[in-house]
Amino acid sequence: ESQLPFKGKICLITAGPTYEAIDPVRFIGNHSSGKMGAALAMEMASKGAQVILIMGPSHVVTDHHLIQRVDVKTAQQMYDCVHSHIERVDYAIFSAAVADYRPINPASQKIKKKTDTLSIELVKNPDILASVGSMNKRPFLVGFALETENELEHAFAKAKKKNTDLLVLNSTRDKGAGFGKDTNKITLIDRDQNTIDFDTKPKTEVAKDIVDEIIKRVL
Ligand code: PMT
């Protein structure tokens, strides 16, 4: 029992990057590998949760009988997929690096090289985490913040704006943190803006730390 604290509970996790089409052969993306989200999915599953892992384009393997993986490409697909499940979910963890903007009119054919400069007009994508944060009856909500400067200030603002129960801050300025690495260095921020700092460690261990803090707050 105590080893499976999430038995019978459902946890939704977003992970990986999103790809936003410019034309049939090009996209706007980012460097997320999906490793952090995959580690969280494995950790929640190993503690008994049924996990719905909504993954952007990633080669990371997530093999566990309690993990149901749904592969998506774009922010809009990720949004739609999250909202098709969210009503029955107990925990939601948003570790995906979602593109904030997408090309407003992706070209139907490959864009030819002609002019010296080329502009692509972008339009805002829906904010998936914020949309769940504003729901009346919402799951226990864990968000991420990837910052490059004024980390704490930006993360506090995100936690408030997106209404998270826990926010996981990581910074590109820390060696061994962020995109693609096998390690991460995080600071957790709770509802009362208390912070907890953790050392740099493998993402599998970081996932354990995050899940332990969830357990402390809900079980
Ligand atoms: O995948 P890895 O290579 O292992 O790297 C892990 C990671 C660096 C991607 C991860 O640790 C991380 O920080 N994920 C969040 C990245 C991010 O885009 O952060 P953000 O500060 O831009 O977004 C804030 C929060 O809102 C995040 O929880 C994000 O998932 C969510 N969001 C953002 C925009 C959007 N349109 N919808 C969202 O849900």
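Residues are numbered from 1 along each chain as its sequence is written. In this predicted model, local features need pLDDT of at least 70 and side-chain atom pairs count only at pLDDT 80 or more, while totals for chains, interfaces and linings use all residues.

Reader: Which residues come nearest to the ligand?
Author: A residue is near a molecule if its C-beta atom, placed from the backbone, lies within 6 Å of it. There are 27 residues around the ligand, and those that come nearest are S33, K35, M36, V98 and I128.

Reader: Which element supplies the largest share of the shell around the ligand?
Author: Helices (H or I, at least four residues) and strands (E, at least two) are DSSP runs, numbered from the N terminus. At least two shell residues come from each of α1 (35-46), α3 (128-133) and β9 (140-147). The largest share, four residues, belongs to β9.

Reader: Are α1 and α5 parallel or oblique to each other?
Author: Axes are lines fitted to C-alpha atoms, for helices over the stretch in contact, and angles run from 0 to 180 degrees between N-to-C directions. The axes of α1 and α5 (residues 203-218) lie 8 Å apart, at an angle of about 55°. Angles under 35 degrees count as roughly parallel, over 145 as roughly antiparallel, 65 to 115 as roughly perpendicular and the rest as oblique. Therefore α1 and α5 are oblique.

Reader: Where do the residues that UniProt lists for "binding site" lie, at one spot or apart?
Author: The unreviewed UniProt entry lists D100, K110, P126, D127, I128, L129, F144, K158 and K162; such annotations may be inferred rather than shown by experiment. These residues span 63 residues in sequence, and they do not all gather at one spot because the farthest two C-alpha atoms are apart by 37.2 Å.
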